[in-house]
Amino acid sequence: MEYDFTFAVSGVDVDDRAAVETLRRHRDALLARAGGVDLLCVTGSGGSVLEAAAEAASAVRAAVPRLRVIRLDRDPVDGRGCVAHRSDGAPVHLTPSEAAEIDAGLAAP
């Protein structure tokens, strides 16, 4: 299944034209800045949301090696953290421990 993620990232920013173009070309990813945080919107696929997050993070790091995926951006929806959207547009809500597990996995190269 495909999931759309927004990750907080470092190592690149919206003014880095080469990184922006590489991410767009290789992963159809969008780099943005909001509230002083660099954010990357990208799609990942896998058998679970955890696998999809790991796949997406690994792919963007391979495309732009200096990019560091820090954590999932947690968009508050109805008082709960929405960490992804399935390809059909349905929001994916995780418990704090599930989101922490994904964040911990993102730190791995």
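Figure 1. Take the contacts (heavy atoms within 4.5 Å) between residues at least 6 apart in sequence: 64% of them join residues at least 24 apart. This is a predicted model, in which local features need pLDDT of at least 70 and side-chain atom pairs count only at pLDDT 80 or more, while totals for chains, interfaces and linings use all residues. Residues are numbered from 1 along each chain as its sequence is written, and side-chain values use heavy atoms, with hydrogens and water left out. The chain has three helices and seven strands, taken as DSSP runs numbered from the N terminus (helices are H or I with at least four residues, strands are E with at least two). Going along the sequence, the order reads β-α-β-β-α-β-β-β-β-α. Of the 109 residues, 36% are buried, where buried means under 20% relative accessible area, exposed means over 50% and partly exposed is in between (1.4 Å probe, protein chains only).

**Figure 2. Helix H1 against helix H2.** Two packed helices are described by the angle between their axes and the distance between the axes. Here H1 (residues 17–27) and H2 (residues 49–63) pack at about 130 degrees, their axes 10 Å apart. That angle makes H1 oblique to H2; angles under 35 degrees count as roughly parallel, over 145 as roughly antiparallel, 65 to 115 as roughly perpendicular and the rest as oblique. The axes are lines fitted to C-alpha atoms over the stretch in contact, with angles running from 0 to 180 degrees between N-to-C directions. The crossing of H1 and H2 is right-handed, that is, the near helix is turned clockwise from the far one by less than a right angle. On the H1 side you'll find Thr-22, Leu-23, His-26 and Arg-27, which meet Glu-55, Ala-56, Ala-59, Val-60 and Ala-63 of H2. Sorted by class, that contact holds five nonpolar, two polar and two charged residues. Ala, Val, Leu, Ile, Met, Phe, Trp, Tyr, Cys and Pro count as nonpolar, Asp, Glu, Lys and Arg as charged, and the others, Gly among them, as polar.

**Figure 3. Helix H2 alongside helix H3.** H2 and H3 pack at about 25 degrees, with axes 10 Å apart, and are therefore roughly parallel to each other. Their crossing is right-handed. Val-49, Leu-50, Ala-53, Ala-57 and Arg-61 from H2 meet Glu-101, Ile-102 and Leu-106 from H3. The tally for this contact is six nonpolar, no polar and two charged residues.

**Figure 4. The two sides of helix H3.** In H3 (residues 96–106), the buried residues are Ala-99, Ile-102, Asp-103 and Leu-106. Looking down the axis of H3, these fall within an arc of 100 degrees, so they line one face of the helix; the arc is that of the directions from the helix axis to the C-beta atoms. Their cover includes strand S1 (2–10), H2 and strand S4 (68–72). On the other side of H3, Ser-97 and Ala-104 are exposed.

Figure 5. Asp-4 sits in strand S1 and, at 37% relative accessibility, counts as partly exposed. Its C-alpha atom is 7.0 Å from that of Ser-87, 83 residues away along the chain. Asp-28 lies in the loop between H1 and strand S2 (30–34). Most residues other than glycine have a negative phi, but Asp-28 has a positive phi, near 50 degrees. Asp-28 is exposed, with a relative accessible area of 65%.
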